[in-house]
Amino acid sequence: MVLTGLLAAYMALVAFGNITDFDSNRAFVRHVLAMDTTFRDPDLMWRAVGSPTLVYIAYVGIIVWEVLTAVVLTTATVLHGRGLRSGLHERARRATTLGLLMLMLLFGLGFLVIGGEWFAMWQSTKWNGLEPAGRNFTLAGIVLLLVHLPSRQWGPTEGSEA
């Protein structure tokens with residue numbers, strides 16, 4: 001419950017920061033998509049996206065995904081709290097799993113794979129978010145593993161006989 005709540009708060013603050021500091025964080029997305037601080041290899045530059053509209057859509061999509069992830073993880077935290085009283089934790093585990101997978105998709109697929117490799121973000125010294133994305137992906141993966149470790153303390157699951 002604590003780790004789920006921590007990641008819920010983290011994602012809420014990430015989304016809040018992107019909403020309240022919209023322009024500077026949009027600049028990050030713009031530079032990554034434009035590939036303007038990479039090695040500018042002609043064999044890769046065809047991937048660059050310079051359209052302000054597409055950059056805006058991508059950035060708003062990231063923010064929406066962050067907000068949804070925060071909502072799912074917050075819901076999971078509440079369900080964990082209720083599970084402490086009722087002894088039923090399966091819904092909390094499922095919600096936590098969904099939220100963690102959403103977080104891993106954002107930072108794994110979005111930043112590591114698409115940003116890092118497709119848009120060659122790894123080549124940029126200024127607009128490179130691979131290290132924090134890797135930390136976020138790893139932390140979510142560790143919490144996902146912990147949530148799914150078998151434990152007698154989980155008690156019976158909903159729909160099963162005690």
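I take buried to mean under 20% relative accessible area, with exposed over 50% and partly exposed in between (1.4 Å probe, protein chains only). By that rule, 40% of the 162 residues of the protein chain count as buried.

A note on the source: this is a predicted model, where local features need pLDDT of at least 70, side-chain atom pairs count only at pLDDT 80 or more, and totals for chains, interfaces and linings use all residues. Residues are numbered from 1 along each chain as its sequence is written, and side-chain values use heavy atoms, with hydrogens and water left out.

Next I looked up the fold. I found five helices and zero strands in the protein chain, in the order α-α-α-α-α along the sequence; helices (H or I, at least four residues) and strands (E, at least two) are DSSP runs, numbered from the N terminus. The C-alpha atoms fill a box of roughly 65 × 30 × 25 Å along the principal axes.

Then I turned to the core. A nonpolar core is a set of buried Ala, Val, Leu, Ile, Met, Phe, Trp, Tyr and Cys residues joined through side-chain atoms within 4.5 Å. The largest one has 31 residues, and M11, F28, L73, L100, L103 and F107 have the most contacts inside it. I see two or more residues given to this core by each of α1 (2–20), α2 (22–34), α3 (52–86), α4 (90–118) and α5 (130–147). The largest share, six residues, comes from α4.

Which residues does L73 touch, leaving aside neighbours within four places in sequence? With contact meaning heavy atoms within 4.5 Å, I list T4, L7, A8, M11, T96, G99, L100 and L103.
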